[in-house]
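Please follow the model below from its helices to its cores, its sheet and a few backbone details.

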Amino acid sequence: MTDANAAETGAAPLSENQTALADLARRERFFEALALSLAEQRCIKIVLGKPRRAGADLVRLTARPLTLRGQACLSLVSTHKTKDITKNPPLADGLAALREMLGSEFSHAHLFTTTEELQLMISKRGKVGLSRKPLAEADDAAAPDLGHDRQKRRYLTLDLPFLQDLGVTDAQHKLVPAMARKWKQINKFVEVLDHALDSAHLAPAHGQAVQVVDFGAGKGYLTFATYQHLTDPLSGRGWPAHVTGVELREDMVTLCNAAAQRRGLAGLVFECGDVRSYVPERLDVMIALHACDTATDFALHTGIRAGARIILSSPCCHKQIRPQMQLPAKLKGMLQHGIHLGQQAEMVTDSLRALLLEANGYDAQVFEFVALEHTSKNKMILAVRRQASGGAEQQRRAAAQAQVDEIKAFYGVREHCLETMLLADDGGAANQLSASPK
Ligand SMILES: C[S@@+](CC[C@H](N)C(=O)[O-])C[C@H]1O[C@@H](n2cnc3c(N)ncnc32)[C@H](O)[C@@H]1O
């Protein structure tokens, strides 16, 4: 505590007027600190609590800075006893609402910034106390991990309201134990996405929203996380973004759209659709995590044909290649065991996917996404579109296609779903530069 009740430390007792002015000054200091933290992009959130009226239905108000269509706003989540209501007014209106509610509805305001925390308390008689704590002294558990080490930092924080809607956290923003693995996976995914954005030098062009499609979005964990990371100015990129989750199951689409609307996440939508027929108008980032069997190939194909700058895919089950595989004589001793043949078929399927991406102008990497102890679906194919053209690029593509042909011949694979679709597009010239993504 540095300046709480400072005015009262003088020797002479304060007059009523002086006390009222000192209270007003503390209140103003709080709002000045809030305005400064917003201007310097240090503000994480403001929480108004301790309702002034006993039994009030409105129990808490949480405000976070937010950029909507390039305009600075405050996301205001009013937590009532049985529901949350979200509004995203422009910054000035949001601040005015906070000013109005502090003292009339709530007695307590807590400002969280990346450098300090401030708490303002108003007593029943209207006396105002203010405390200020540098972040080093603040409670570690409450402080977001915004350290400079990007490898170790958590990209998302548990107090994000959508995590509650998706059942990742409870009403107190605590991680639901059964969701611990999913939480790890979501964060790892955002970390991979963040690095891919750097590798691709992707940024919104002329204020245009970055277009993302998440195929087979399911309950939307990664779709929400992607939207959050792209749009959040503090922990993420602060970009305008349009993120669409495409999902077969109507119930999931309804659930996710309801959550996105409740939280005022304009630009995040879910559509009931099939990855095999969905064609986006424009696509910068294609995501397909755990899309079953050849659904992954359809998603990869859409990404390539739309010229997506980044393709993030984590394959699910692999059914197409195994029945086609003939055992090369030299590997018979190894692949005669069903488990080995299954593993080899997976490897062949995903190697061909990566090579086909290379043959179509992408730098592709295949790597472990999250440790095997967290999920068995732990492989990520990440592809970033090359900006190169000309003879060297043509050779690179041809070399990748030659490797596809060799692997197929070696294992007797007749057909790979992604390759078939690419070839069908342009009469066998799928990997020619003339057919490359725009
Ligand atoms: C295993 S879940 C993965 C969900 C999410 N991508 C994740 O990783 O958290 C696969 C989802 O893909 C959906 N799906 C399967 N085939 C699809 C298709 N052809 N088009 C769209 N969605 C599909 C399923 O309904 C399911 O919700």
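This is a predicted model: local features need pLDDT of at least 70, side-chain atom pairs count only at pLDDT 80 or more; totals for chains, interfaces and linings use all residues.

Arg 397, Ala 400, Gln 401 and Val 404 are the buried residues to look for in H10, and because they fall within an arc of 95 degrees when the helix is seen down its axis, they line one face of H10. That buried set packs against H9 and H11. On the other side of H10 there are exposed residues, namely Gly 391, Ala 392, Gln 395, Ala 398, Ala 399, Ala 402, Asp 405, Glu 406 and Ala 409. After the helix comes Gly 412, with a positive phi near 70 degrees.

H7 is mostly covered, with 11 of its 12 residues buried; among them are Ala 295, Phe 298, Ala 299, Leu 300 and Ile 304, together with Thr 296, Asp 297 and His 301. The elements that cover these buried residues include S8, strand S11 (285–289), strand S12 (310–314), H9 and helix H11 (417–425). Just after H7, Gly 307 has a positive phi of about 70 degrees.

In soluble globular proteins, nonpolar side chains tend to be buried together. Here the largest nonpolar core has 79 residues, of which Met 286, Ile 287, Ala 299 and Ile 311 touch the most other members. Helix H9 (residues 338–358) supplies the largest share of this core, seven residues. Once neighbours within four places in sequence are left aside, Ile 287 is in contact with Val 212, Val 213, Asp 214, Phe 215, Leu 222, Thr 226 and Leu 312. Another core lies apart from it and has 25 residues, including Phe 30, Leu 34, Ile 46 and Ala 109.

The sheet comes next. Seven strands form an open sheet with antiparallel pairing, in the order S4-S3-S2-S1-S5-S6-S7. At its edges are strand S4 (84–87) and strand S7 (128–134), each of which pairs on one side only, and the twist from one strand to the next averages 15 degrees. Within the sheet, strand S5 (residues 106–113) and strand S6 (residues 116–122) run antiparallel and are joined by five bridges, and Leu 111 has Leu 118 in S6 as its bridge partner.

Two backbone details remain. Most residues other than glycine have a negative phi. Is Lys 50 buried or partly exposed? Because 14 other C-beta atoms lie within 10 Å, Lys 50 is partly exposed, as being buried would take 20 or more. His 201 is likewise a residue other than glycine with a positive phi, near 50 degrees, and its place is in the loop between helix H4 (180–199) and strand S8 (210–215). His 201 counts as exposed because it has 9 C-beta neighbours inside 10 Å, where the limit for exposed residues is 12 or fewer.

Methods:
Residues are numbered from 1 along each chain as its sequence is written. Helices (H or I, at least four residues) and strands (E, at least two) are DSSP runs, numbered from the N terminus. Two strands pair if DSSP finds at least two bridges between them. Axes are lines fitted to C-alpha atoms, for helices over the stretch in contact, and angles run from 0 to 180 degrees between N-to-C directions. A nonpolar core is a set of buried Ala, Val, Leu, Ile, Met, Phe, Trp, Tyr and Cys residues joined through C-beta atoms within 7 Å. Two residues are in contact if their C-beta atoms, placed from the backbone, lie within 7 Å. The arc is that of the directions from the helix axis to the C-beta atoms.
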